[in-house]
Amino acid sequence: MNKFIVVFQNKNFTKLFLANFTSQMGSTIGLTAFMFYLLDHFSDQPLYASITELMYSLPTLVIFFLVGVFADRMDRQKIAFSCDWISAVLSILFLGTLFIGWMPLIFCVLFLRSAVQKFFFPAEHSMVQGILKQDDYTTAAGLNQLVMSLFMLFGNGLGVFAYWTVGIYGAILIDTVTFVLSALLIRSCKIDETVRMPNGKHRLKDLNISTVIVDFRDSMKYILQHGLLRTLLIGFIVFGVVNGGFSVMPVFILKYKLAPETYEQFSIIVGIMFGTGALLGSVIASFISQKLKLHQLIIMGLLITGSFVILSSLTTSLVLFLVLVFISALGLPLINIGIGGWMPSIVNPKMMGRVQGWVSPLMMFSQSLTLGFIAYSFPTFLKVEMLYWIVGGCLILVGVFYAITLPKYSRDILPQSKPMTV
């Protein structure tokens, strides 16, 4: 608890933390409300729900080579600030497309908004690395996990509640307001130039095609030369499969198996159970991270979550399903805190944006493939239980892979070691 207090005494971190929270809220409420809007109006076409998630993940594959380069070459504070403002404007445009009602145009605006948001996290995360001490990285990862847990707990519930009370248009207006709040928080930060621009001042016109290609190539070499980063990124590919599955599986299993008539109400309860489990897991992980090595946290979390995801597909009891969802969520914070506490300690600050720029596209590529596969095969070829088997099996496989590979890196590179140099 004392470490949390110390970290929050850093005003810049507090503002970035709140900005990240509100920006994520802007990404969550309207998108969740829109998914339920589609399920209400196009209940015989679950394809639309999968396409909505694709519009969130596919943009990464288009701009992934730019995201990291921008975060390392441009002013990181201005990038994060601009992302929020542009996302707010696009949210207003999203409202307009809903009035028109043409689905291709709606999905196009969602695609653009998602593309802009992809620039936010590498810039924000790179600034957090620069304003904290290395001893605080694991604590900051724990706090970020708490935020993620709160969104797991309240995210879907807030989206559905907004949809029920103020409708789809009100939910998107809430998105707009939260993006504006996040932008104002980012702008109020006072961050050293060396943190905002660790590679010196650059202007947009300086980032020509050759510069982008060279930076992208250098980041690839940097990752390939360091076995630990290489190994972690292999795992991120599978995490994308998991994210793709988790984004639609709970709603699908409720609507098509466990609670066809009341799936909306029970989706809130599932979100509460999952979020409560993740929140409790965050507290547990924050404490045991001081006792266990970070790679042990990661492996333990993968095996726990993967096993109970598979078990949760085998029951026809809604109560038992909720219990299994709760237990499966306990393991996720172990994974996120382990990786989140490790990465900033081993990556050079000048390369953090480009390293983070590789994480998202790898995850989103596999996530997009997964969602495309689900959109094509469900429910024609795949039963909803099979989606759970695929996701749970992937988590267990990565847990076994990490159990074999990570211990040797843990011996070579301590969790709080100096960042890798270029």
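Select Phe401 to begin, a residue that is partly exposed, with a relative accessible area of 28%; here buried means under 20% relative accessible area, exposed over 50%, and partly exposed in between, with a 1.4 Å probe and protein chains only. The model is a predicted one, in which local features need pLDDT of at least 70 and side-chain atom pairs count only at pLDDT 80 or more, while totals for chains, interfaces and linings use all residues. Residues are numbered from 1 along each chain as its sequence is written, and side-chain values use heavy atoms, with hydrogens and water left out.

Next, turn to the aromatic rings, of which a search of the whole structure finds 10 pairs; rings of Phe, Tyr and Trp (its six-membered ring) pair if their centres lie within 6.5 Å, and planes under 30 degrees apart count as stacked, over 60 as edge-to-face and the rest as tilted. Select Phe34 and Phe107, whose ring centres are 6.4 Å apart and whose planes stand at 75°, so the pair is edge-to-face. Because Phe34 belongs to helix α2 (residues 11-41) and Phe107 to helix α6 (residues 103-117), this pair ties together parts that are 73 residues apart in sequence; helices (H or I, at least four residues) are DSSP runs, numbered from the N terminus. Both Phe34 and Phe107 are buried. Returning to Phe401 and Tyr402, one finds a tilted aromatic pair, with 5.8 Å centre to centre and 35° between the planes.

Then select Lys255 and Tyr256, where the charged end of Lys255 sits over the ring of Tyr256, 5.8 Å from its centre; the criterion is NZ of Lys or CZ of Arg within 6 Å of the ring centre and within 35 degrees of the ring normal.

How many disulfides does the structure hold? The count is 0, a disulfide being a pair of cysteine sulfur atoms within 2.5 Å. Select Cys108, which is in no disulfide and for which the nearest cysteine sulfur, that of Cys83, is 18 Å away. Cys108 is partly exposed, with a relative accessible area of 39%, whereas Cys394 is buried at 17%.

Finish at helix α9 (residues 167-188), where Leu184 is found; Leu184 is partly exposed, with a relative accessible area of 44%.

Terms used
Helix = DSSP H or I, 4+ residues; strand = E, 2+ residues; numbered from the N terminus.
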